[in-house]
Amino acid sequence: MKAIQFDAFGDADVLQIREVPDPVLRPTDLLVKVAAAGINRADLSFRNGFYGWADFGDSPLIGLEMAGEVVAVGSDVPGYKVGDRVMGITGGGAYAQLARIDYRMALPVPGNLDLVEAAGIMEVFVTAHEALIHLAQLQPGEWALIHAASGGVGSAAVQLAKARGARVIFTAPGDRIDKVKAIGGDVGVDYKTQDFARIVAETTEGRGVDVIVDFIGAPNLERNVRSLNYGGRLVQVGIMGGAADAKLPLDVLLYRHLRIIGTVMKSRDQAVKHAMVQRFGEAWLGHFADGAVRPVIDSSFSLEQAPEAHRRMETGASFGKIILRML
């Protein structure tokens, strides 16, 4: 099969398309003819050497999510058959014409979605559901603050919050504010020119928001905590802005009865990941099927254009998911 491979860590130019052996099907696996794969920041981290060679997953190949058609079913797999359309999160190897995936990390593709769209769902929406709904327990009528709302997880979180009946304040570059409003954001903050804490205070008449989902880390921590209402929940999903010199106002944490929760999917054990995928599917597949929630696709590239797809993500200019097409 054709797949993306690289021999040394480095910039996007290290990615090469090559002929490699087909993946070996295990008893709990589906073997999938990949139609499209989603690009994720973890892929860029792997390419740059953040994980090393041994710790990325159960495949030496790059790529963590894909959608396609089942071509073989492991002996211990219930509920799937050859020809089913599936989307899911792999342990590596999604940038390829064939990929294996544990059936518990896969879900059926709703009939109204094509496979390119489906390839942009799993990683970001499972993460957004885990942070916003499962961990933060966002309720109808509450205020949520979603940072980096023009990115993959951020744009997914905005949609889920709105579908949940919450009101959404979000941060994004100024040229993408209207795009985020179009998918459910209520109040936009241009993080380059505006202070989100001030706008939160003005919008909520000083009460603060009930839930915050943050990807930035130290630069936002103190203002995030001060922007929470009594009983508020901050879920830290990433630290793109770093972890050094983080300031935590403990008095606010204490007297407002706040909770700070960290979550990273990649480092969880398999049973936890299986549960994350299944509860997302139970909660939201119907919403995708009726069009209430949809993946946000920024752009798509052919498999040969994997370096260009990575460079697109590195610019920070994308809105939603970047996809690699195999077909």
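This short talk concerns the salt bridges in the structure shown above.

Good morning. Please keep in mind that we are looking at a predicted model. In this model, 18 salt bridges are counted. I shall discuss some of them.

Let me begin with Asp-7, whose salt-bridge partner is Arg-18, with 2.7 Å between the closest N and O atoms. Where do Asp-7 and Arg-18 sit in the chain? Asp-7 belongs to the loop between strand E1 (2–5) and strand E2 (16–19), while Arg-18 is in strand E2 itself, and the two are 11 residues apart. Asp-7 is exposed, because its relative accessibility of 56% is over 50%. Arg-18, at 27%, is partly exposed.

I turn next to Arg-279 and Glu-130, whose side chains form a salt bridge with an N to O distance of 2.7 Å. Arg-279 lies in helix H9 (residues 270–289) and Glu-130 in helix H3 (residues 122–135), so this pair ties together parts 149 residues apart in sequence. Is Glu-130 buried or exposed? Glu-130 is buried, with a relative accessible area of 2%, whereas Arg-279 is partly exposed at 23%.

Arg-26 is partly exposed, with 29% relative accessibility.

Thank you for your attention.

Terms used. Residues are numbered from 1 along each chain as its sequence is written. This is a predicted model: local features need pLDDT of at least 70, side-chain atom pairs count only at pLDDT 80 or more; totals for chains, interfaces and linings use all residues. Side-chain values use heavy atoms; hydrogens and water are left out. A salt bridge is a side-chain nitrogen of Lys or Arg within 4 Å of a carboxyl oxygen of Asp or Glu. Helices (H or I, at least four residues) and strands (E, at least two) are DSSP runs, numbered from the N terminus. Buried means under 20% relative accessible area, exposed over 50%, partly exposed in between (1.4 Å probe, protein chains only).
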